[in-house]
Amino acid sequence: MILDALFFLVQAGLQLFFWAVIIAAIMSMLIGFNVLDTRNRMVWTLADFFARVTEPAIRPVRERLPNFGGIDISPMVVVLLVQACMLLVAAIQNYMILGGVYF
């Protein structure tokens, strides 16, 4: 029962981070194309929140990727890494169930 809660929390955290990266990338594009105005306090607060949450994971990926001009694919790479982590957590849970370690 404790492991159920632990695996649920890890998977829920990964899903929340997955959506935070997507929302941050979309907001960044909308701000870049002047669809959203950062002079609006709500837009600025949301953009700042999502940037602060996702930037620690995106920055190292951005530094390692080559320069593609004006295209930033680092959020896509981070989304793929988060998806891989979600699959890894599910596989660990299944192996623990099959191995009899899961109680």
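Modeller: Phe50 has a relative accessibility of 15% and therefore counts as buried, the cut-off being under 20%. This is a predicted model, and Phe50 belongs to one of its aromatic pairs.

I start with the helix packing. Two packed helices are described by the angle between their axes and the distance between the axes. Here the helices are H2, residues 41-64, and H3, residues 74-99. Their axes come within 9 Å and cross at roughly 115°. The handedness of this H2 and H3 crossing is right-handed. On the H2 side, Ala57, Ile58, Val61 and Arg62 make the contact. H3 contributes Ser74, Pro75, Val77, Val78 and Leu81. Sorted by class, the residues in the contact of H2 with H3 are seven nonpolar, one polar and one charged. Arg62 is the charged residue, and Ser74 is the polar one.

Now the aromatic rings. The structure holds two aromatic pairs. In one of them, Phe18 and Trp19 sit edge-to-face, with 5.2 Å from centre to centre and 85° between the planes. Phe18 counts as buried because its relative accessibility is 14%. Phe49 and Phe50 form an aromatic pair that is also edge-to-face, at 5.2 Å centre to centre and with 70° between the planes. The two partners fall into separate accessibility classes: Phe49, at 46% relative accessibility, counts as partly exposed, whereas Phe50, at 15%, counts as buried.

Conventions
Residues numbered from 1 in each chain as written. Predicted model: local features only at pLDDT ≥ 70, side-chain atom pairs only at ≥ 80, totals over all residues. Heavy atoms only, no water. Phe/Tyr/Trp six-rings, centres within 6.5 Å; stacked < 30°, edge-to-face > 60°. Buried < 20%, exposed > 50% of the residue type's maximum accessible area, 1.4 Å probe, protein only. Axes fitted to C-alpha atoms, helices over the stretch in contact; angles between N-to-C directions. Helix = DSSP H or I, 4+ residues; strand = E, 2+ residues; numbered from the N terminus. Left-handed = near helix turned anticlockwise from the far one by under 90°. Contact = heavy atoms within 4.5 Å.
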